[in-house]
Structures are given as C-alpha cells and as structure tokens.
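Try each task before reading its solution.

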Amino acid sequence: MANPVIQITNLNKRFGAIQATQELSLTLNFGEIHALIGPNGAGKSTLIKQITGYLQPDEGDIQFLGQTITQMAPAQRARMGLAQTFQVSSLILEYSCLDNLLLVVQARSGSSYSFFTAVRDDQDLMTQAHSYLEQVGLAQRHHLPASALSHGERRQLEIAMALALKPKAFLLDEPMAGMDPAGVKHLIESLKQMREQAPILLIEHDMAAVFALADRITVLDYGRVIATGDVDSIRNNKHVQSAYLGVAS
Ligand code: ADP
Ligand code: MG
C-alpha cells in the first residue's frame, strides 16, 4: 500500500487541565475522504491546527508526504501543499470572480505581476482561471464582483480557489456550517471532485453528509480516538452511538 499523505503518531496537546489531544494516531491516505467526528470540545479543531502548524503539540510526530513537519512553521507547510481550506473567507469581495481566481493561479505560477492588467494579458493564466470557474459552475458569473454572489455561490468560488491552489491534502473544518440544504448538496458534489485531486480530512457535524462522503471515519472523544473504520462499522459501533451519534443533532 502507498504511504499515507499525512501520518500522525502519538500526538498530545494539553491546555492547562484539558487534554485536548491524547495519544492520537491517524493517517490520511491517497484518494480518500477521512471524516473526523466527535462532540463539541472533542479536540477536532485542535488537531487541524497542529497539522497546519498554528498549534505546537506537546508530544508526538506529524509526517506529511514522508517528511516530518512537526517543527515547521505554518507558511512552510502551506508551501509544501498543506493548508486549511475555507479557514476564513479567502475572497476579496470587491474583486470579480475571475480576478479572485487570477490571484491564486498567478501566485501558484510563480510569476510576479504587479498589476491585473498584466495578468489579464497572460492567456495561459486566464485560461486556467476560467477553467476553475467553469468547474464549479460560475463561468457565467466571472465578471461579477464576489460581493454580488449568493452565499452558496461564494462557497463555490472558494472551492474553485482551493482547487487552483493544488494542495496535496485538503483540511476542512466544518465547511457545511450555516449552509442551506441546497448548498450542502452542492458542496457534497464539490468535495467528491476535490477528492480526485487530493485527499480530504473533513471535520463535519452533518452526519448525512459524512455518511454520504466518507471513505473512513474517525471518532474523537476527549481528545482520544475512540473508533476508526468505514461508514458501516462506525454507524453500527455501540460505543460510538452512545458517545456521539445518540446526541448528534
Ligand atoms: P472541537 O473542534 O472538537 O469542538 P476544540 O479542538 O476546539 O474542539 O477544543 C478541544 C478542547 O480544547 C476544548 O475543551 C477547548 O475548550 C479546549 N481549547 C481549544 N483551544 C484552546 C486554547 N487555545 N486554549 C485553551 N483551551 C483550548
Ligand atoms: Mg471545532
């Protein structure tokens, strides 16, 4: 079997009296959506922050593409292709959809234009930016400022930008929070598309979405892994049902 994209071994993180991460080991494999579920305060976000480097673990090891990254700064990890997607809205609202995309593809291409006029003259960058908009169904809206988009459309634009970044792994912390059912449905399809490009570590409370998407599910409680398995094994796990599924809204 191929090596995992992310391999976490015996991670521990304490905040005063709270053990937010406890002897936690987990892998994210090529091609999978690995969902991370658990009650509020279980330590899901704390884990993501240790992977991105915004929090330093007390003990343990994190490897990314076979390289130990535990001591690396967040920017260095991001350059390797590891960054949280939709952490805060990354859109520039007064820029057009196309210009938002151009910013990303231009940064990735390594070219350094100081002005949009120059970027817009680069046919290759323009073609790339348009193709990402097309992929998420926003091709017809390319000229509109991001501020003119609906909430759902903004999410689509953020997905286009996440795809354009071409990360080696997607880390998503509750991407469906605050979405209406139509938005959730659309995002489920987009996440399947994203999985084609890179594996996804997905924190999500919407259990229907998790069951529809996940190849594997890991359940956290009090910072510990209490179960890992495929959808059926988690759905039928009595321990999981009492710790989490029974109280899920
Ligand atoms: P989840 O994302 O699963 O809801 P978190 O990772 O946000 O949980 O939090 C796990 C535990 O760690 C909680 O008890 C929370 O209060 C605590 N915690 C998280 N971040 C901090 C922090 N920066 N300082 C102190 N305690 C924190
Ligand atoms: Mg959280």
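**Exercise 1. Find how much space lies in the second largest pocket and describe its lining.**

Solution. Start with the volume: in this predicted model, the second largest pocket holds about 230 Å³ of space. Next, look at the lining, which comprises 14 residues, with Gly152, Glu153, Ala182, Gly183 and His186 lying nearest the centre. Then trace the elements: H6 and H7 each supply at least two lining residues, and H6 has the largest share, with five. Finally, sort the lining by class, which gives four nonpolar, six polar and four charged residues.

**Exercise 2. Work out how helices H6 and H7 are oriented to each other.**

Solution. Take the geometry to begin with: H6 (residues 151–164) and H7 (residues 181–197) pack at about 5 degrees, with their axes 11 Å apart. Angles under 35 degrees count as roughly parallel, so H6 and H7 are roughly parallel to each other. Now inspect the contact, where Gln156, Ile159 and Leu163 of H6 meet His186, Leu187, Ser190, Met194 and Gln197 of H7. By class, this contact has four nonpolar, four polar and no charged residues.

**Exercise 3. Identify the strands at the edges of the six-stranded open sheet.**

Solution. Write down the strand order, S6-S7-S8-S3-S9-S10, with mixed pairing. S6 (82–84) and S10 (224–229) each have a single partner strand, so these two stand at the edges, with one side of each left without a neighbour in the sheet. To complete the picture, note that the twist averages 20 degrees from one strand to the next.

How values were computed. Residues numbered from 1 in each chain as written. Chains lettered and ligands numbered in written order. Predicted model: local features only at pLDDT ≥ 70, side-chain atom pairs only at ≥ 80, totals over all residues. Heavy atoms only, no water. Axes fitted to C-alpha atoms, helices over the stretch in contact; angles between N-to-C directions. Helix = DSSP H or I, 4+ residues; strand = E, 2+ residues; numbered from the N terminus. Parallel < 35°, antiparallel > 145°, perpendicular 65-115°, else oblique. Contact = heavy atoms within 4.5 Å. Nonpolar A, V, L, I, M, F, W, Y, C, P; charged D, E, K, R; others polar. Pairing = 2+ DSSP bridges. 1 Å grid on protein atoms, 1.4 Å probe; cavity = no way out; pocket = protein on both sides within 12 Å on 5 of 7 lines; lining within 4 Å. Points joined across faces, edges and corners; volume = space filled by probe spheres on them.
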